[in-house]
Amino acid sequence: MAVGATGRGRPTLERVAALAGVSRATVSRVVNGSLSVSPHIRDAVQSAIAELGYVPNQAARSLVTQRTDSVALVLPESATRVFSDDVFFANVTWGVSQELEAAGKQLVLMMGGSSASHDRIERYAVSGHVDGVIVASLHGADPLPGTLTRLGMPVVCSGRPSGPGDVAYVDVENALGAERAVRHLIDAGRQRIATIAGPSDMVAGVDRLAGYRTAIRASDRRALVAAGDFTRESGGAAMLQLLSEDPGLDAVFVASDLMADGALRALRAQGRRVPDDVAVVGFDDVQLARYTDPPLTTVHQPTFDIGRTLARQVLRLADGEQVEPALILPTELVLRQSA
């Protein structure tokens with residue numbers, strides 16, 4: 001009979017033990033996955049658990065296993081940035097959560113946009129509240145991943161960390177993807193190709209700019225660079241700056257789709273036709289890229305798979321396994337009407 005129907009309250013280890021005819025300690029070993037229990041006793045305990053509807057007390061179980069079955073995803077950004085229309089974070093978080101859910105783990109989302117929040121995250125993680133930490137969207141030589149690693153916490157970063165410490169990471173072909181995008185513009189006959197670069201304190205911004213410069217140098221064209229911060233507003237402002245510096249530019253590689261959308265709007269406001277007057281290529285291939293005016297040619301990066309891979313790596317580390325120090329996922333150029 002279901003426990004709720006008897007009015008006897010939540011079933012306990014003692015009641016499971018009594019029904020199975022074993023000790024409380026034996027039930028505890030079965031619940032915590034011990035291999036020292038014989039199969040027929042394990043079956044008896046599991047049958048009693050099913051009959052009573054017993055659910056293990058997670059706090060008590062954690063004391064025994066030293067595991068919380070939780071993983072923290074740390075986003076060193078402001079909440080405004082994370083919860084705005086930057087779907088990169090949404091897709092990566094989705095991928096992480098799906099992989100953790102499949103493994104029976106809980107996702108803990110933490111914002112780390114200030115030094116005070118870094119201290120809070122460090123205290124929370126090393127106090128045993130999570131089994132591992134994923135850090136995404138690193139800025140500069142952020143010490144958090146290296147600090148957590150030195151303190152014994154399994155850590156995996158999204159993007160190559162430039163801070164101290166030997167930390168595993170998952171990244172994409174940022175430089176190669178950017179180079180491929182610019183070569184597409186060169187092959188299309190564009191002569192004055194500019195770029196709107198990402199932030200110089202983020203590896204993705206630095207690597208995509210490096211890919212642009214590699215392609216431009218190989219073509220003997222002149223580089224023309226304006227900086228953005230991966231937001232739509234910065235893309236629009238950078239596009240206006242580029243037009244003022246070189247009114248005759250006929251193409252622009254933009255280091256993110258959000259910035260590219262801002263650039264498209266700025267070009268339209270200035271009476272420039274895309275792609276007739278100026279061809280535009282972005283980077284990310286977020287859903288927005290299909291609905292810009294015109295639809296955006298862009299470099300696809302597998303953001304959902306980035307999240308899934310991050311989760312797999314940190315779970316392996318939490319289980320004491322060795323992981324590849326760097327996993328680089330492929331990118332591909334997606335052709336649409338903007339270039």
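Student: How much accessible surface does the protein chain have, and what share belongs to carbon and sulfur atoms?
Tutor: This is a predicted model, in which local features need pLDDT of at least 70 and side-chain atom pairs count only at pLDDT 80 or more, while totals for chains, interfaces and linings use all residues. Residues are numbered from 1 along each chain as its sequence is written, and side-chain values use heavy atoms, with hydrogens and water left out. Accessible areas come from the Shrake-Rupley method with a 1.4 Å probe, and for residues only the protein chains shown count as cover. For the protein chain the area comes to about 15,500 Å², and the share of carbon and sulfur atoms is 52%.

Student: What percentage of the 339 residues is buried?
Tutor: Buried means under 20% relative accessible area, exposed over 50%, and partly exposed in between (1.4 Å probe, protein chains only). Among the 339 residues of the protein chain, the buried share is 51%.

Student: In what order do the strands of the open sheet of six strands lie?
Tutor: Helices (H or I, at least four residues) and strands (E, at least two) are DSSP runs, numbered from the N terminus. Two strands pair if DSSP finds at least two bridges between them. In this open sheet the pairing is mixed, and the order is S7-S6-S8-S9-S10-S12.

Student: Which are the edge strands?
Tutor: An edge strand here pairs on one side only. The two that do so are strand S7 (225-227) and strand S12 (332-334).

Student: Which residue in S7 stands opposite Ala 197?
Tutor: Strand S6 (residues 193-197) pairs with S7 in the parallel sense over three bridges. Opposite Ala 197 stands Ala 227.

Student: At about what angle does helix H11 run to S6?
Tutor: Axes are lines fitted to C-alpha atoms, for helices over the stretch in contact (heavy atoms within 4.5 Å). Angles run from 0 to 180 degrees between N-to-C directions. Helix H11 (residues 203-218) lies across S6, S7, S8 and S9, and its angle to S6 is about 170 degrees.

Student: Why does Asp 319 count as partly exposed?
Tutor: Asp 319 is found in the loop between helix H14 (303-318) and strand S11 (326-329). Asp 319 counts as partly exposed because its relative accessibility is 47%.

Student: What is the average pLDDT of the protein chain?
Tutor: pLDDT is the predictor's confidence in each residue, from 0 to 100. Over residues 1-7 it stays under 50, whereas 87% of the residues score at least 70. The average for the protein chain is 86.
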